Amino acid sequence: MDHNYLKTDRNSVTLLVMTNNLIQMELRKKLKNVHFIFLISLLFSLITKGQTPIQGGYIQLTQDEYKELIDLNQENELDGKYYVREFKDEKIIGIHKIEYRKGKKFGEWLHFQNFREKGTLDLSTVENYEDHQRHGYYYNSDNGFTFTEEGYYEKGEKEGLWYVTKEGSKEKINYKNGKKHGEYWRQDASGVIVRGAYKKGEKLDNWTIEDLSSNIEKTEENSINPITEASIPTTGAQTIEGYIQKPDGTIAPIAVVRLQLSDNACAYAFSDFDGKFIIEIDTGKIASNSYFEIVIEGFPIKKLPFSEFSNQNTIVLDNGRKKVSYDEYRSYYESMKDCK
């Protein structure tokens, strides 16, 4: 055997091994660079999609993705901040900034909604959570169109003074442990003012209602004595009582209840905050064509023949497109002064 050949062959093998090692080192460097570039690309992709895995940031999701996340992981497993976008017909109609800690709602939740067909998003709701319960400042509104509610929660229960506006009316309500407790004040859209008090959710006596036409305060005994003003002589007087109810079954307070006795005679009253009204009339002036007319803001005018009414009956308002506006209601109220 040629020993020189073996020596040469060994040198070649050594050279090949060294070359292979150099190639592998170079490949590892390149692969490392490729891996780094891949991570950068992945991070960029996540950021551009809004799902930012950066500490202290919000993970952006659509409303559907958020629902899927809850379905897959259950709400009690969520942990982090989420920026949820709500779409309709490919247009964004809502944004919700929320946070969970160990599966429980936490911190300040902000909700923005688009209340107009064309317009920017407006703040609709502010909620504060602690241990999955509302705790702290709360605000809910349709951006001032018809409704606003503002106050504080303590461990899931309303507490302290709350302010509520709804369809032109204003309320100041005191709460304790989630129940109405303390002074109560309400001003109707027409200006009628009601004052009273609650104790542990129950109405106390001696509520008062201030009549717009005379600015005279009248006592509301046991919270059911309504505003009543009938200028018809009471010879052969009869007391007519009834209730006004909305189509959904809830009471209709501060509705104008007009009883048109004839072309030249009428009487009227307001329903109180239990929906009750009382009118005293002269029975001698009731005619075959006498009728009730009920007017309240936000509903069509309701007419009911007196012959179809029995004492203590409930008159139910109708739904419809031709709803009474605030100005129409106020004008109608003013015209009641001419009732004789």
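A polar contact is a pair of N or O atoms within 3.5 Å; within protein, one of the two must be able to donate a hydrogen and the other to accept it, and residues adjacent in sequence count only if both atoms are side-chain atoms. The structure treated here is a predicted model, in which local features need pLDDT of at least 70 and side-chain atom pairs count only at pLDDT 80 or more, while totals for chains, interfaces and linings use all residues. Residues are numbered from 1 along each chain as its sequence is written, and side-chain values use heavy atoms, with hydrogens and water left out.

**Exercise 1. Describe the surroundings of H96, including its side-chain polar contacts.**

Step 1. Strands (E, at least two residues) and helices (H or I, at least four) are DSSP runs, numbered from the N terminus.

Step 2. H96 counts as buried because its relative accessibility is 12%, where buried means under 20% relative accessible area, exposed over 50%, and partly exposed in between (1.4 Å probe, protein chains only).

Step 3. Identify the polar partners. The side chain of H96 makes a polar contact of 2.8 Å with that of H111 and one of 3.0 Å with that of E86. H111, in strand 5, is also the bridge partner of H96.

Step 4. Complete the list of neighbours. With residues within four places in sequence set aside, H96 is in contact (heavy atoms within 4.5 Å) with Q63, Y82, Y83, V84, E86, L110, H111 and Q113.

**Exercise 2. Determine how strand 3 pairs with strand 2, strand 4 and strand 5.**

Step 1. Apply the criterion: two strands pair if DSSP finds at least two bridges between them.

Step 2. Take strand 2. Strand 2 (residues 80–88) is antiparallel to strand 3 (residues 91–101), with 9 bridges, and K81 stands opposite E99. Their hairpin has 2 residues between the strands, and D89 takes a positive phi near 55°.

Step 3. Take strand 4. Strand 4 (residues 104–105) runs antiparallel to strand 3 and is joined to it by 2 bridges; Y100 stands opposite K105. This hairpin also has 2 residues between the strands, and K102 in the turn has a positive phi of about 55°.

Step 4. Take strand 5. Strand 5 (residues 107–113) pairs with strand 3 in the antiparallel sense over 4 bridges.

**Exercise 3. Classify the ring pairs Y100 with W109 and Y138 with W162.**

Step 1. Apply the criterion: rings of Phe, Tyr and Trp (its six-membered ring) pair if their centres lie within 6.5 Å; planes under 30 degrees apart count as stacked, over 60 as edge-to-face and the rest as tilted. The count comes to 15 aromatic pairs.

Step 2. Classify Y100 with W109. The ring centres are 5.5 Å apart and the planes stand at 65°, so this pair is edge-to-face. Y100 is buried at 1% relative accessibility, and W109 is buried at 5%.

Step 3. Classify Y138 with W162. Here the ring centres are 5.9 Å apart and the planes stand at 35°, so this pair is tilted. Y138 lies in strand 8 (residues 136–141) and W162 in strand 10 (residues 157–166), so the pair ties together parts 24 residues apart in sequence. Both Y138 and W162 are buried.

Step 4. Extend to the cluster: Y82, Y100, W109 and Y129 form one aromatic cluster.
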